[in-house]
Amino acid sequence: MKAEGIVYKVIPYKETSSIVYLYTKFGHISVKSIGSKNKKNQSFLFDNVGNIVSFLITDSEFPTLIEYNLIKDQYDLTKDISMLKAFGIIIKIISYISNDLSHNRIYSFILKTLDDIRINPKKALSIFLIKMLYNFGVNPNLKTCVLCESNLITSFSIPLGGALCDIHKNEENNDLLKIWQEYYYEKKDINLYSDYDFDLLLNNIIEYYNIHTNIKLKV
Ligand SMILES: [Zn+2]
(Lines give C-alpha, C1' and ligand atoms only; values in the text may rest on other atoms or scores of the structure.)
Protein backbone atom coordinates (compact mmCIF):
# COMPACT_ATOMS: atom_id res chain seq x y z
CA MET A 1 0.00 0.00 0.00
CA LYS A 2 1.19 3.49 -0.85
CA ALA A 3 -0.03 6.60 0.93
CA GLU A 4 0.87 10.02 2.23
CA GLY A 5 0.59 11.07 5.85
CA ILE A 6 1.79 13.17 8.73
CA VAL A 7 3.74 11.49 11.53
CA TYR A 8 2.11 12.33 14.87
CA LYS A 9 3.57 9.77 17.28
CA VAL A 10 6.65 7.56 17.41
CA ILE A 11 7.30 4.92 20.06
CA PRO A 12 10.33 2.63 20.43
CA TYR A 13 9.83 -0.97 19.30
CA LYS A 14 12.23 -3.74 20.20
CA GLU A 15 15.92 -2.82 20.26
CA THR A 16 16.40 -0.78 17.15
CA SER A 17 12.98 -0.16 15.65
CA SER A 18 9.99 2.15 16.05
CA ILE A 19 6.27 2.14 15.64
CA VAL A 20 5.30 5.22 13.69
CA TYR A 21 1.74 6.56 13.85
CA LEU A 22 0.61 8.52 10.85
CA TYR A 23 -2.55 10.37 9.98
CA THR A 24 -3.54 10.10 6.31
CA LYS A 25 -6.54 10.97 4.15
CA PHE A 26 -7.74 7.43 4.91
CA GLY A 27 -7.38 7.83 8.67
CA HIS A 28 -4.84 6.60 11.21
CA ILE A 29 -2.23 4.01 10.44
CA SER A 30 0.64 2.55 12.45
CA VAL A 31 3.73 1.27 10.72
CA LYS A 32 6.75 -0.69 11.95
CA SER A 33 9.94 1.06 10.98
CA ILE A 34 12.57 -1.65 11.31
CA GLY A 35 16.07 -0.69 12.31
CA SER A 36 15.24 3.00 12.43
CA LYS A 37 17.47 3.57 15.46
CA ASN A 38 20.44 2.21 13.58
CA LYS A 39 22.44 5.27 12.54
CA LYS A 40 23.22 3.78 9.13
CA ASN A 41 19.53 3.43 8.43
CA GLN A 42 18.02 6.26 6.41
CA SER A 43 14.51 5.98 7.85
CA PHE A 44 15.13 8.53 10.61
CA LEU A 45 13.16 11.13 8.65
CA PHE A 46 10.20 8.76 8.71
CA ASP A 47 10.42 8.59 12.51
CA ASN A 48 10.17 12.32 13.07
CA VAL A 49 6.97 13.79 14.50
CA GLY A 50 5.51 16.41 12.17
CA ASN A 51 7.13 15.15 9.01
CA ILE A 52 4.86 14.72 6.03
CA VAL A 53 5.91 11.64 4.09
CA SER A 54 4.80 9.45 1.24
CA PHE A 55 5.39 5.81 2.04
CA LEU A 56 5.13 2.28 0.78
CA ILE A 57 4.25 -0.40 3.33
CA THR A 58 3.59 -4.14 3.38
CA ASP A 59 -0.03 -5.26 2.94
CA SER A 60 -0.45 -6.74 6.39
CA GLU A 61 -2.54 -5.93 9.42
CA PHE A 62 0.45 -4.40 11.20
CA PRO A 63 2.44 -3.19 8.19
CA THR A 64 6.18 -2.66 7.89
CA LEU A 65 7.76 0.28 6.11
CA ILE A 66 9.30 -0.62 2.75
CA GLU A 67 10.33 2.84 1.59
CA TYR A 68 9.37 6.47 2.03
CA ASN A 69 10.00 9.98 0.77
CA LEU A 70 10.05 13.11 2.86
CA ILE A 71 7.56 15.62 1.46
CA LYS A 72 7.91 18.32 4.10
CA ASP A 73 9.40 18.72 7.56
CA GLN A 74 8.35 21.25 10.19
CA TYR A 75 11.86 22.19 11.25
CA ASP A 76 11.34 25.93 10.65
CA LEU A 77 8.49 25.92 13.23
CA THR A 78 10.94 25.08 16.02
CA LYS A 79 12.55 28.51 15.72
CA ASP A 80 9.49 30.37 16.99
CA ILE A 81 7.89 29.60 20.34
CA SER A 82 4.32 30.49 19.23
CA MET A 83 4.64 28.36 16.11
CA LEU A 84 6.10 25.49 18.12
CA LYS A 85 3.26 25.63 20.68
CA ALA A 86 0.62 25.72 17.94
CA PHE A 87 2.32 22.78 16.22
CA GLY A 88 2.37 20.80 19.48
CA ILE A 89 -1.36 21.32 20.03
CA ILE A 90 -2.21 20.35 16.44
CA ILE A 91 -0.18 17.13 16.78
CA LYS A 92 -1.98 16.33 20.04
CA ILE A 93 -5.40 17.01 18.47
CA ILE A 94 -4.62 14.63 15.56
CA SER A 95 -4.32 11.70 17.98
CA TYR A 96 -7.95 12.27 19.09
CA ILE A 97 -9.52 12.13 15.62
CA SER A 98 -11.78 9.10 15.59
CA ASN A 99 -11.60 6.65 12.71
CA ASP A 100 -15.18 7.00 11.51
CA LEU A 101 -14.85 10.53 10.10
CA SER A 102 -14.27 11.94 6.62
CA HIS A 103 -10.48 12.01 6.75
CA ASN A 104 -9.79 13.41 3.29
CA ARG A 105 -11.26 16.75 4.32
CA ILE A 106 -9.65 16.78 7.77
CA TYR A 107 -6.23 15.80 6.40
CA SER A 108 -6.29 18.70 3.91
CA PHE A 109 -7.38 21.06 6.68
CA ILE A 110 -4.46 19.96 8.88
CA LEU A 111 -1.95 20.52 6.07
CA LYS A 112 -3.44 23.95 5.40
CA THR A 113 -3.30 24.81 9.11
CA LEU A 114 0.38 23.80 9.30
CA ASP A 115 1.07 26.24 6.46
CA ASP A 116 -1.07 28.91 8.11
CA ILE A 117 0.75 28.74 11.45
CA ARG A 118 3.76 30.09 9.54
CA ILE A 119 1.66 33.16 8.69
CA ASN A 120 0.04 33.73 12.10
CA PRO A 121 0.40 30.87 14.62
CA LYS A 122 -2.17 31.98 17.20
CA LYS A 123 -4.78 32.90 14.61
CA ALA A 124 -4.29 29.67 12.64
CA LEU A 125 -4.51 27.62 15.84
CA SER A 126 -7.70 29.44 16.92
CA ILE A 127 -9.40 28.78 13.57
CA PHE A 128 -8.25 25.14 13.65
CA LEU A 129 -9.48 24.45 17.17
CA ILE A 130 -12.87 26.10 16.66
CA LYS A 131 -13.51 24.29 13.36
CA MET A 132 -12.28 20.93 14.70
CA LEU A 133 -14.87 20.91 17.50
CA TYR A 134 -17.42 19.62 15.00
CA ASN A 135 -15.23 16.54 14.38
CA PHE A 136 -15.26 15.76 18.09
CA GLY A 137 -19.05 15.78 18.14
CA VAL A 138 -19.33 19.20 19.74
CA ASN A 139 -21.56 21.77 18.09
CA PRO A 140 -21.44 25.10 19.89
CA ASN A 141 -24.85 26.73 19.64
CA LEU A 142 -23.97 30.06 18.02
CA LYS A 143 -27.37 30.93 16.56
CA THR A 144 -29.83 30.96 19.45
CA CYS A 145 -29.66 31.54 23.19
CA VAL A 146 -28.73 28.29 24.92
CA LEU A 147 -31.14 29.12 27.76
CA CYS A 148 -34.29 30.42 26.00
CA GLU A 149 -33.73 29.77 22.26
CA SER A 150 -34.20 33.47 21.42
CA ASN A 151 -32.29 34.41 18.27
CA LEU A 152 -31.56 37.90 19.58
CA ILE A 153 -28.18 36.82 20.84
CA THR A 154 -25.50 39.16 22.12
CA SER A 155 -22.88 37.22 24.06
CA PHE A 156 -21.13 33.90 24.37
CA SER A 157 -20.79 31.57 27.34
CA ILE A 158 -17.95 29.05 27.52
CA PRO A 159 -19.42 26.95 30.36
CA LEU A 160 -22.87 26.79 28.70
CA GLY A 161 -21.29 26.12 25.31
CA GLY A 162 -23.00 28.75 23.19
CA ALA A 163 -24.72 32.05 22.67
CA LEU A 164 -26.83 34.01 25.13
CA CYS A 165 -29.56 36.59 24.55
CA ASP A 166 -29.69 40.06 26.06
CA ILE A 167 -31.68 38.82 29.07
CA HIS A 168 -29.37 35.92 29.82
CA LYS A 169 -26.13 37.61 28.75
CA ASN A 170 -23.05 37.38 30.92
CA GLU A 171 -20.19 39.81 31.24
CA GLU A 172 -18.36 38.39 28.23
CA ASN A 173 -18.49 40.71 25.26
CA ASN A 174 -20.17 40.66 21.85
CA ASP A 175 -16.90 40.41 19.95
CA LEU A 176 -16.24 36.92 21.23
CA LEU A 177 -19.59 35.67 19.89
CA LYS A 178 -18.87 37.25 16.48
CA ILE A 179 -15.40 35.70 16.33
CA TRP A 180 -16.73 32.26 17.25
CA GLN A 181 -19.48 32.54 14.60
CA GLU A 182 -17.02 33.68 11.95
CA TYR A 183 -14.35 31.09 12.78
CA TYR A 184 -16.84 28.24 13.14
CA TYR A 185 -18.98 28.80 10.04
CA GLU A 186 -16.99 30.74 7.47
CA LYS A 187 -14.41 29.35 5.09
CA LYS A 188 -11.82 31.73 3.75
CA ASP A 189 -8.14 32.54 3.63
CA ILE A 190 -6.54 33.07 7.04
CA ASN A 191 -5.76 36.70 6.18
CA LEU A 192 -9.46 37.43 5.59
CA TYR A 193 -10.64 36.27 9.02
CA SER A 194 -11.00 39.08 11.60
CA ASP A 195 -8.16 39.62 14.02
CA TYR A 196 -8.66 39.47 17.75
CA ASP A 197 -6.70 39.34 21.01
CA PHE A 198 -5.49 35.82 20.25
CA ASP A 199 -4.10 35.12 23.72
CA LEU A 200 -7.54 35.85 25.13
CA LEU A 201 -9.29 33.88 22.40
CA LEU A 202 -7.01 30.85 22.81
CA ASN A 203 -7.57 30.82 26.57
CA ASN A 204 -11.24 30.88 25.79
CA ILE A 205 -11.08 28.05 23.25
CA ILE A 206 -8.88 25.88 25.49
CA GLU A 207 -11.35 26.35 28.34
CA TYR A 208 -14.10 25.30 25.92
CA TYR A 209 -12.20 22.13 25.01
CA ASN A 210 -11.51 21.33 28.65
CA ILE A 211 -15.20 21.63 29.57
CA HIS A 212 -16.91 20.21 26.48
CA THR A 213 -14.52 17.60 25.04
CA ASN A 214 -12.34 14.84 26.50
CA ILE A 215 -9.24 16.57 25.10
CA LYS A 216 -7.42 18.36 27.89
CA LEU A 217 -5.33 21.21 26.59
CA LYS A 218 -2.96 23.53 28.41
CA VAL A 219 -2.62 27.22 27.67
ZN1 LIG B 1 -31.97 33.78 26.58
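The legends below describe close-up views of a predicted model.

View 1. The C-alpha atoms fill a box of roughly 65 × 35 × 30 Å along the principal axes. The chain has 219 residues, and 30% of them count as buried. Among contacts with a separation of 6 or more, 43% are between residues 24 or more positions apart.

**View 2. Five strands form an open sheet in the order β3-β2-β1-β4-β5.** The pairing in this sheet is antiparallel. Strands β3 (27–33) and β5 (65–72) are the edge strands, and each pairs on one side only. On average, neighbouring strands of the sheet are turned by 40 degrees against each other, direction ignored.

**View 3. Strand β2 runs antiparallel to β3.** Tyr23 has His28 of β3 as its bridge partner.

**View 4. The largest nonpolar core contains 49 residues.** Within this core, Ala86, Ile90, Ile117 and Leu125 touch the most other members. At least three residues of the core come from each of domain 1 (2–73) and domain 2 (76–212). In soluble globular proteins, nonpolar side chains tend to be buried together.

**View 5. Ile117 is shown with the residues it touches.** Leaving out residues up to four places away in sequence, Ile117 touches Leu77, Met83, Ala86, Phe87, Ala124 and Leu125. Two of these, Ala86 and Leu125, are listed with Ile117 among the core residues that touch the most other members.

Key. Residues are numbered from 1 along each chain as its sequence is written. This is a predicted model: local features need pLDDT of at least 70, side-chain atom pairs count only at pLDDT 80 or more; totals for chains, interfaces and linings use all residues. A residue is buried if 20 or more other C-beta atoms lie within 10 Å of its own, exposed if 12 or fewer, and partly exposed in between; C-beta atoms are placed from the backbone. Two residues are in contact if their C-beta atoms, placed from the backbone, lie within 7 Å. A nonpolar core is a set of buried Ala, Val, Leu, Ile, Met, Phe, Trp, Tyr and Cys residues joined through C-beta atoms within 7 Å. Domain bounds come from an automatic or database domain assignment. Two strands pair if DSSP finds at least two bridges between them. Helices (H or I, at least four residues) and strands (E, at least two) are DSSP runs, numbered from the N terminus. Axes are lines fitted to C-alpha atoms, for helices over the stretch in contact, and angles run from 0 to 180 degrees between N-to-C directions.
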